[in-house]
Amino acid sequence: MTKDSGGAGAFLPYGRQLIEEDDIAAVAAVLRGDYLTTGPEVDRFEADLAAVTEARHAVACANGTAALHLAALALGLGPGDWVVVPTVTFLATANAARYVGAEVVFADVDPDTGLMTQAALEQALARVPAEGKAKAVFNVHLGGPVGDVEGIHAIARRQGLAIVDDASHALGTRYRDPSGAWNAVGSGAHADMTTFSFHPVKTVTMGEGGAVTTNDPGLAARLRAFRSHGMTRTPEEFTETDLAFDAEGRANPWYYEMPEPGFNYRATDFQCALGRSQLAKLPRFAATRLALSRRYDELLADWAPVVTGLHKRDGLEPALHLHPVLIDFQRVGLDRAAVMNRLRGKGIGTQVHYIPVHLQPYYRQRYGAVSLPGADAYYARCLSMPLFAGMEEGDVDRAVAALGEVLGLGNR
């Protein structure tokens, strides 16, 4: 029996949090203290996250969607601007551009990894209407691995595009660039900003929470302002001097200004206390997930090409959020819904990451039909198997055995 996954007969979800006693103690300490929000734990969490990602600045916020929205606001994106988004992602990546009035051009992905390629980025840029202007690319590190971030960076810089990496799945991932240097996702080596999510199924959790990292102090300042209603309390930024200062030129202690509207996207102290406790466990959680993923690969190796895993690029140390497999459903004579339902009947939870966003009714109506064959091929085959830090090797064995039974490929 496994302690956290619930044992051989328990339902095995595709993902879940691992909360331990020290996590609970960290949150309880905040609840007994003076600050529940906008207190010292927020600053401490941001400092810890900046250290983990090797970034100069980290700005915590309410959730990963808020992080993407803040990044779009910080860049000053708006009507007439176009943002390239790979279509295999969660809705929030594209929606963040629309929140600020920018338009989205969807990029195709590699059919075997779900990641945007250089060629797909260039093809997407070619579809930007003549009356518009591409301003940014929101690259997505689907599942935890990174794709060709160096190539995408080179194209973006040639085209004058800002780069926001959606790393909601990739906290802790490291990759080696052509110079031989290792880079942490979030370090800013190949992006202007990187966004993270701390939803319960992610590698570490705050319950709900998000963050943006950057090396640009100007962007960091804008992120912090937009996180809290667009307000500033910095006297050097005040413009209404008659209201801001007393007769001796001192800033009035109650005073604040709002140069432009923002949002209430703050993170609480108890969220950040949980986040700090979980961040300290990131190496252990990531190592566990990677070991489990390798066990999947080992057990599934004989079932290719009916079932295949994802190719991971050389020079990659991924912190995996997901373990997707690609299944030739037509070859086994079952549709995906039937496979998922039968697996659920055997106590194995699965999920699909994701429905390509360009297929959503809102985006179909706005931009019309778009042919993205790589995304179609990936979506048609992908299925995310259980992967979380509370699992043990025996849980992988049970999941693979159930998959084999359902697909008629034999027991494991």
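With a relative accessibility of 16%, Gly147 counts as buried, since buried means under 20% relative accessible area. The model in which this value was computed is a predicted one. Gly147 is placed in the loop between β4 (133–140) and α6 (149–159), and, when residues up to four places away in sequence are not counted, Gly147 touches Leu115 and Arg313. Val105 lies 42 residues from Gly147 in sequence, and the C-alpha to C-alpha separation of Gly147 and Val105 in space is 19 Å.

In the model, Lys202 is found in the loop between β8 (193–197) and β9 (210–214). Because the relative accessibility of Lys202 is 12%, this residue counts as buried. The surroundings of Lys202 can be described through its contacts, which, leaving aside residues up to four places away in sequence, are made with Ser168, His169, Ser197, Arg289 and His321.

Arg289, one of the residues touched by Lys202, falls within the residue range of helix α10 (residues 282–300), and this helix lies across β10, β12 and β13. The direction of α10 relative to one of these strands is given by an angle of about 20° to β12. The three strands form an open sheet in the order β10-β12-β13, in which the pairing is antiparallel. The edge strands of this sheet are β10 (307–308) and β13 (382–385), each of which pairs on one side only. Between β10 and strand β12 (residues 323–327), the antiparallel pairing extends over two bridges, and within this part of the sheet Val307 stands opposite Ile327 in β12.

Terms used. Residues numbered from 1 in each chain as written. Predicted model: local features only at pLDDT ≥ 70, side-chain atom pairs only at ≥ 80, totals over all residues. Heavy atoms only, no water. Helix = DSSP H or I, 4+ residues; strand = E, 2+ residues; numbered from the N terminus. Buried < 20%, exposed > 50% of the residue type's maximum accessible area, 1.4 Å probe, protein only. Contact = heavy atoms within 4.5 Å. Pairing = 2+ DSSP bridges. Axes fitted to C-alpha atoms, helices over the stretch in contact; angles between N-to-C directions.
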